[in-house]
Each structure stands twice: as C-alpha cells, then as structure tokens.
Amino acid sequence: MMRRLHFNGTGSGEGGCPSVHEDVDSGEIIVHGPPLTDPEDIAQLRHLSEGEVPIVVPRELIVDWGPKDVTRDARIIDLDAFGQLFERFEHTAWRLETRRRYASDEATDTWAQFVRGETPTWDLTTPWSVTIREKTAGGARVGRVRIVDDPATQGQRYLLAYAEKNTALGEDIRNLSRAEADRLSLPAEDFWIFDSRLVALLRFDADDNFTDVELITEPAEVVRYAMVRDAAMHHAVPYEEFAADMSTREQ
C-alpha cells in the first residue's frame with residue numbers, strides 16, 4: 001500500500017536535503033539525506049540490519065522538525081508555587097496575554113475605580129510589585145505583549161490602564177491587535193517564559209478564573225514558545241502608542 005506522506009521540513013537553509021516526512025497513517029518518520037559511505041564509519045554502527053542504509057542528518061533537524069508527540073504527562077503547580085517562579089528567575093520573564101477577560105481583575109479596587117471612570121490608584125508596594133521592581137532594578141528584563149480585540153473588551157481596556165503600574169515597576173509593556181496576532185498564527189495560550197528555559201502555561205476555568213499552571217521544560221517546546229515571544233515582540237507596539245491609536249480610531 002502506498003504511503004501518504006506529509007512534508008515536515010528541511011534541515012538546510014535553502015531547502016533540499018536532508019528532509020523529514022511523516023506517514024500520516026502510521027506516524028512513522030521518513031528522513032532522506034546524504035548517505036554515510038565511509039566503510040570505517042559504517043563498521044562502527046551497531047544494529048545496522050541487512051537492507052538498512054545509514055544517512056547523515058544534522059542534530060537540529062530532529063529537534064526542530066521531528067513530529068512531536070501530542071500527549072505528555074502534564075506537570076501542574078498551584079498558584080503559590082507559580083508565584084515563587086518570579087523570585088527565582090535570573091534574567092528574563094516575559095508573558096503573552098491572549099484572553100479577553102481575567103476574573104481576578106474584576107475583584108480589585110482599581111477595577112472598581114476604572115469602571116467608574118476614575119484614574120486607578122496603583123499600589124506599588126504589594127509583595128509581587130516589590131519583587132518585580134527589585135528584579136528590574138537589578139538588571140533583569142520583564143515584559144509582556146497583550147492581545148487586544150477590535151473593539152477592545154472592558155478587561156483589555158483595564159489592562160491598558162494597568163500598564164502604567166507595570167511600567168512603573170520596570171516592565172516593557174506592548175500591545176498587538178487580535179487580527180495581527182491571528183495573521184502571525186500566535187497561539188491562544190496565555191503563558192510566561194522564564195530565562196528562556198521554562199514555560200508556565202496559565203490555565204483558567206470556564207468563568208475566567210485563574211486556576212493553576214502547567215510547567216514545560218522540554219527544550220524543543222521551550223524554543224517554540226521563545227519563537228512565539230520573538231514574533232510577538234517584533235510586531236507589537238508600546239502600550240502608549242497602541243492606546244493613542246485606538247483612541248484616534250474610536251473618535
């Protein structure tokens with residue numbers, strides 16, 4: 001029976017060999033590239049069966065393009081353990097915020113001030129605020145890209161105002177329209193990435209309550225989230241510029 005093959009990518013900068021295909025029915029992976037021909041090299045190979053041909057592929061081909069198992073054992077931590085990640089990171093902490101509403105925001109005094117049309121009074125002395133300010137003052141970089149719908153939801157407008165507090169703590173806050181995020185194929189996941197080595201996926205219930213966090217440390221997966229970060233940062237704009245443009249369009 002003829003295989004149905006799906007092309008997964010190439011390892012060279014300009015296309016061509018070596019390349020990876022996946023059998024969409026069996027899940028088997030087919031790799032083609034330059035053969036290993038030196039007899040002394042071949043003699044060192046173990047378990048090379050009759051009819052098998054050794055080929056040479058760069059390590060990054062398997063890491064970057066090899067199909068990933070869609071199932072894995074999730075490592076879940078609670079909100080207290082999540083908070084400790086901000087105390088432990090050393091160099092960078094970055095977040096993609098994709099949701100239209102965060103229920104926790106609506107339980108704050110600053111939310112009540114905001115919906116009344118008042119300028120919120122931001123508290124810069126909370127434990128989290130002190131931690132972030134100390135980190136950024138010490139040279140660490142903390143930033144976010146927030147996705148905003150058109151029209152923006154009330155929760156997203158609140159976060160545009162909240163960016164004033166974020167920046168006072170030393171964060172780099174930027175925004176990106178939902179349409180642009182979709183064009184870039186950014187994921188709908190809400191996550192933090194710490195020191196480019198650990199991803200924290202934030203999980204929410206049906207009522208938009210923040211419930212717990214899934215940790216991801218597999219290098220190949222972390223790299224994929226870092227690529228999302230780089231794309232979002234490249235196309236997002238500073239929150240002041242985004243808010244001003246949004247205000248102009250709404251007039």
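## An enclosed cavity

In this predicted model, a search of the whole structure finds 1 cavity of 30 Å³ or more, where a cavity is, on a 1 Å grid over the protein atoms alone, a set of points at which a 1.4 Å probe fits but cannot get out. The largest cavity has a volume of about 50 Å³, a volume being the space filled by probe spheres set on the points, with grid points joined across faces, edges and corners. Its lining residues, those with an atom within 4 Å of a point, are Glu97, Thr98, Arg99, Tyr102, Arg146, Ile147, Val148, Gln156, Leu159 and Asn175.

The elements that give two or more residues to this lining are E6 and H6, and E6 gives the most, with 3 residues. Helices (H or I, at least four residues) and strands (E, at least two) are DSSP runs, numbered from the N terminus. By class, the lining of the largest cavity divides into 4 nonpolar, 3 polar and 3 charged residues; Ala, Val, Leu, Ile, Met, Phe, Trp, Tyr, Cys and Pro count as nonpolar, Asp, Glu, Lys and Arg as charged, and the others, Gly among them, as polar.

## Basis of the model

Residues are numbered from 1 along each chain as its sequence is written, and side-chain values use heavy atoms, with hydrogens and water left out. As this is a predicted model, local features need pLDDT of at least 70 and side-chain atom pairs count only at pLDDT 80 or more, while totals for chains, interfaces and linings use all residues.

## The chain as a whole

The secondary structure of the protein chain comes to 9 helices and 11 strands. Buried residues (under 20% relative accessible area, with exposed meaning over 50% and partly exposed in between, for a 1.4 Å probe and protein chains only) make up 37% of the 251 residues in the protein chain. Among contacts (heavy atoms within 4.5 Å) between residues at least 6 apart in sequence, 66% join residues at least 24 apart.

## Two open pockets

A pocket is an open set of grid points with protein on both sides within 12 Å along at least five of seven lines. The largest pocket has a volume of about 860 Å³ and is lined by 30 residues, of which Arg95, Ser104, Asp105, Trp128 and Tyr162 lie nearest its centre. Helix H3 gives the most to this lining, with 6 residues, and by class the lining has 14 nonpolar, 8 polar and 8 charged residues.

The second largest pocket, with a volume of about 230 Å³, has among its lining residues Thr92, Ala93, Trp94, Asp172, Ser196 and Met233. Strands E5 and E6 and helix H8 (219–235) each supply at least two residues of that lining, which divides into 4 nonpolar, 3 polar and 4 charged residues.

## Nonpolar cores

In soluble globular proteins, nonpolar side chains tend to be buried together. A nonpolar core is here a set of buried Ala, Val, Leu, Ile, Met, Phe, Trp, Tyr and Cys residues joined through side-chain atoms within 4.5 Å. Of the 24 residues in the largest such core, Phe82, Leu85, Trp192, Phe194, Ala200 and Leu215 touch the most other members. Helix H3 (79–88), helix H6 (154–168) and strands E8 (191–194), E9 (198–204) and E10 (210–216) each supply at least two residues of this core, and the largest share, 4 residues, comes from E9. Apart from this core lies another, of 18 residues, among them Leu96, Val199, Val222 and Ala236.

Val145, which lies in strand E6, is buried, with a relative accessible area of 0%. Leaving aside residues up to four places away in sequence, Val145 touches Trp94, Arg95, Leu96, Glu97, Arg174, Leu176, Ala232, Met233 and Ala236.

## Backbone details

Most residues other than glycine have a negative phi, and most peptide bonds are trans. The peptide bond from Asp150 to Pro151, however, is cis, with omega near 5°, and Pro151 has its place in the loop between E6 and H6.

Two serines have a positive phi: that of Ser185 is near 60°, and that of Ser196 is about 55°. Ser185 lies in the loop between helix H7 (178–183) and E8 and is exposed, with a relative accessible area of 63%. Ser196 is found in the loop between E8 and E9 and is partly exposed, with a relative accessible area of 38%.
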